[in-house]
Amino acid sequence: MSGAPTREVARRTFAAEFNDARYTFKESEDERAPVYLLLPTGERANRVFVVGTLTEKEDVGDDSEYWRGRVVDPNGDTFFVYAGQYQPDAAAMLRELEPPAYVAIAGKPRTFEMDDGTVNVSLRPESITVVDESTRDRWVVETAERTLERLDAFDDDSNRYAAMAKEEYDADIESYRDSAIRALESLDTGDTGGSDETDDGAEPTVQ
């Protein structure tokens, strides 16, 4: 085994929960220690894996390309994705893609505090892959399962991240259960849904 660092697990979350997350933390004083976003359902996320519909894209850069993408999940909630010169492959995908398109994105959450004190959360993609509807649908099912599992474990006294979430957020966690159920129901009705692994190996280590 080499001494190379292990890649963090990419968590699955719907956009409503992702956008409600605002607290970040490290578990070590090491300067290179990973930064985690605390999900309101009680899980840490250094990386996330999302699938949805790219509905808009725009180059918002001044001196160089800096692409912003709007990716919508089955509930109509939005992940905002930003890619520039330090994410050349992802930026190239956003440049070339024509919305609407189903995309799978693995990346790192980023928080930004606005002048009024509110915190916005976005996704810095490591990879963007075009996927099909069945891939999107698998993502919805598995993301709903992971969300419900986190909710079921939320009141476990040994769940340290749930304890942190209770301290940091004043969230109605049952709303995330509703989001998961609505997403699953959207598959039954044929509305836009989500997905899972890509066939070309773009699927990261995921939970």
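Q: What are helices and strands here, and where are they numbered from?
A: Strands are DSSP runs of E with at least two residues, and helices are runs of H or I with at least four; the numbering starts at the N terminus. The model is predicted. In it, Y82 lies in strand β7.

Q: How many helices and strands does the secondary structure of the protein chain come to?
A: The chain has five helices and nine strands. Read from the N terminus on, the order of the elements is β-α-β-β-β-β-β-β-α-β-β-α-α-α.

Q: Among contacts between residues at least 6 apart in sequence, what percentage join residues at least 24 apart?
A: The share is 68% for this protein chain.

Q: Which residues is Y82 in contact with, leaving aside its neighbours within four places in sequence?
A: The partners of Y82 are Y66, W67, R68, Q87, S122, L123, R124 and P125.

Q: What percentage of the residues in the protein chain is buried?
A: Of the 207 residues in the chain, 45% are buried. The accessible surface of the chain comes to about 11000 Å², and carbon and sulfur atoms hold 44% of that surface.

Q: Which residues of helix α2 are buried?
A: In α2, which spans residues 88–96, the buried residues are A90, A91, A92 and L94. Their cover includes the strands β5 (47–59), β6 (67–72), β7 (78–83) and β9 (119–130).

Q: How much space lies in the largest pocket?
A: The largest pocket holds about 270 Å³ of space. It is lined by 14 residues, of which Y66, Y82, R110, F112 and S122 are the closest to its centre. Y82, already described in strand β7, is therefore to be read both as a partly exposed residue and as one of the lining residues closest to the pocket centre.

Q: Which element gives the most to the lining of the largest pocket?
A: Strand β9 does, with five residues. At least two lining residues come from each of β7, β8 (101–113) and β9. Sorted by class, the lining has seven nonpolar, five polar and two charged residues.

Q: What can side chains of opposite charge do when their charged atoms come close?
A: Such side chains can pair. In this model the count comes to 16 salt bridges.

Q: Which side chain does E142 meet in a salt bridge?
A: E142 meets R12, with 3.3 Å from N to O. This pair links distant parts of the chain, 130 residues apart: E142 belongs to helix α3 (residues 133–152), and R12 to the loop between β1 (10–11) and α1 (15–20). R12 is buried, at a relative accessible area of 2%, whereas E142 is partly exposed, at 26%.

Q: Which parts does the pair of R95 and E65 tie together?
A: The side chains of R95 and E65 meet in a salt bridge at 2.8 Å, N to O. R95 is in helix α2 and E65 in the loop between β5 and β6, so the pair ties together parts 30 residues apart in sequence. R95 is partly exposed, with a relative accessible area of 36%, and E65 is partly exposed as well, with 33%.

Q: Where do R177 and E174 lie?
A: Both are in helix α5 (residues 174–189), three residues apart, about one turn of the helix.

Q: Which residues are linked in a network of salt bridges?
A: E27, R44 and R160 are linked in this way.

Technical notes. Residues are numbered from 1 along each chain as its sequence is written. This is a predicted model: local features need pLDDT of at least 70, side-chain atom pairs count only at pLDDT 80 or more; totals for chains, interfaces and linings use all residues. Side-chain values use heavy atoms; hydrogens and water are left out. Buried means under 20% relative accessible area, exposed over 50%, partly exposed in between (1.4 Å probe, protein chains only). Contact means heavy atoms within 4.5 Å. On a 1 Å grid over the protein atoms alone, a cavity is a set of points where a 1.4 Å probe fits but cannot get out, and a pocket is an open set with protein on both sides within 12 Å along at least five of seven lines; lining residues have an atom within 4 Å of a point. Grid points are joined across faces, edges and corners, and a volume is the space filled by probe spheres set on the points. Ala, Val, Leu, Ile, Met, Phe, Trp, Tyr, Cys and Pro count as nonpolar, Asp, Glu, Lys and Arg as charged, and the others, Gly among them, as polar. A salt bridge is a side-chain nitrogen of Lys or Arg within 4 Å of a carboxyl oxygen of Asp or Glu. Accessible areas come from the Shrake-Rupley method with a 1.4 Å probe; for residues, only the protein chains shown count as cover.
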